[in-house]
Amino acid sequence: MLILIKESYAELSREAVRIVANAVRRKPELRIGLATGSTPLELYRELVRLHREEGLDFSRVVSFNLDEYIGLPADHPQSFHSYMRRNLFDHINIRSENVHIPDGNWRGSLSDYCASYEALIAHAGGIDLQVLGIGKDGHIGLNEPTSSLASRTRPKTLTQQTIEDNRKGFGPNEQPPDAAITMGIGTILEARRILLLASGTAKAKAVALAVEEPITASVSASALQLHGDTTLLLDQEASADLRHGDYYRRVAEGTRRLNPERLW
Ligand code: PGA
């Protein structure tokens, strides 16, 4: 894992934009895996600006979102479909037929549907670059603690913590969804490159467990230790519980000198 520690959320986002925009410029038909949540918001805002002001072209990009709530109408403001439209897709030139988000209102067999989502990813040639956030409980996608490290796209029951974290966007009389369809950890690990963004003290513990403790199904993000090309982009706060922050800073410097390709 390459761990990049930035001063602030703004700087972390700037670096994320640089990485994602470069990936799109280098490979206009990039297969990108996308995440929702508050952390990538500034990344998406800036990608929209680059599209508008510098013509960053998404016309051949193919996207796959990690997850979607089960049972929430796709046009509900808190659905991940709505989030993606509002924050990115409505403002760039990605083609609607190239956008994939799990269907949380699928009426038939969910296991068949999830297998078909996997098949779509495989048919597209796999994911080149997967953007991830991390939950306070260490989840990636919505792979809650004890998810198999080999798991594939499937329905998943959410922890109480995740339900509470997601409650803010719902009205006082609304019950936030308690289940989602999520790519599995095995699915995520097949992406060629992974970029995980973490900001704020609430994430510090999960980040430290994922990076500096043994791989365990209790902390889904620890599975990233098995992936050969993962970059963790952290702000100071999210890196606060790391024991070896100074070493990671030196590694980042060394990478700039010895293996700049790794920094994309
Ligand atoms: P957040 O969510 O970006 O809103 O903190 C991340 C996650 O739960 O994966």
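What is the order of the strands in the open sheet of seven, and in which sense do they pair? The points below start there.

1. Basis. This is a predicted model, in which local features need pLDDT of at least 70 and side-chain atom pairs count only at pLDDT 80 or more, while totals for chains, interfaces and linings use all residues. Residues are numbered from 1 along each chain as its sequence is written, and side-chain values use heavy atoms, with hydrogens and water left out.

2. Seven-stranded sheet. The order is E1-E10-E9-E6-E2-E3-E5, and the pairing is parallel. Strands (E, at least two residues) and helices (H or I, at least four) are DSSP runs numbered from the N terminus; two strands pair if DSSP finds at least two bridges between them. E1 and strand E5 (99–100) are at the edges with a single partner strand each, so one side of each has no neighbour in the sheet.

3. E2 and E3. E2 runs parallel to strand E3 (residues 62–65), and four bridges join them. Across this pair, Arg31 stands opposite Val62 and Ile32 opposite Ser63. In a regular strand, side chains alternate between the two faces of the sheet. In E3, Val62 and Phe64 point one way and Ser63 and Asn65 the other, and all are buried (under 20% relative accessible area; exposed is over 50%, partly exposed in between; 1.4 Å probe, protein chains only).

4. Three-stranded sheet. Another open sheet has the order E4-E8-E7, with antiparallel pairing. Its edge strands, E4 (67–69) and E7 (154–157), each pair on one side only. Neighbouring strands here are turned by 30° against each other on average, direction ignored. E7 pairs with strand E8 (residues 179–182) over four bridges, in the antiparallel sense. Lys156 stands opposite Ala180 in E8.

5. Largest nonpolar core. A nonpolar core is a set of buried Ala, Val, Leu, Ile, Met, Phe, Trp, Tyr and Cys residues joined through side-chain atoms within 4.5 Å. The largest has 36 residues, of which Leu43, Leu47 and Leu88 touch the most other members. Elements that each supply at least two residues include strand E1 (2–6), helix H1 (9–26), helix H2 (41–54), helix H3 (80–87) and strand E9 (193–198). H1 gives the most, with eight residues. Leu43 is in contact (heavy atoms within 4.5 Å) with Ser13, Ala16, Val17, Val20, Val131 and Leu197, leaving aside residues up to four places away in sequence.

6. H1 against H2. Their axes, lines fitted to C-alpha atoms over the stretch in contact, with angles from 0 to 180 degrees between N-to-C directions, come within 9 Å and cross at roughly 50°. That makes H1 oblique to H2 (angles under 35 degrees count as roughly parallel, over 145 as roughly antiparallel, 65 to 115 as roughly perpendicular and the rest as oblique). The crossing is right-handed, meaning that the near helix is turned clockwise from the far one by less than a right angle. Among the residues that meet are Tyr9, Ser13 and Arg25 in H1, and Leu41, Glu46 and Glu54 in H2.

7. Ala221 is in the loop between helix H7 (204–212) and strand E10 (230–235), and counts as buried at 2% relative accessibility. Ala221 touches Ile134, Gly138, Ile140 and Ala210, not counting residues up to four places away in sequence.
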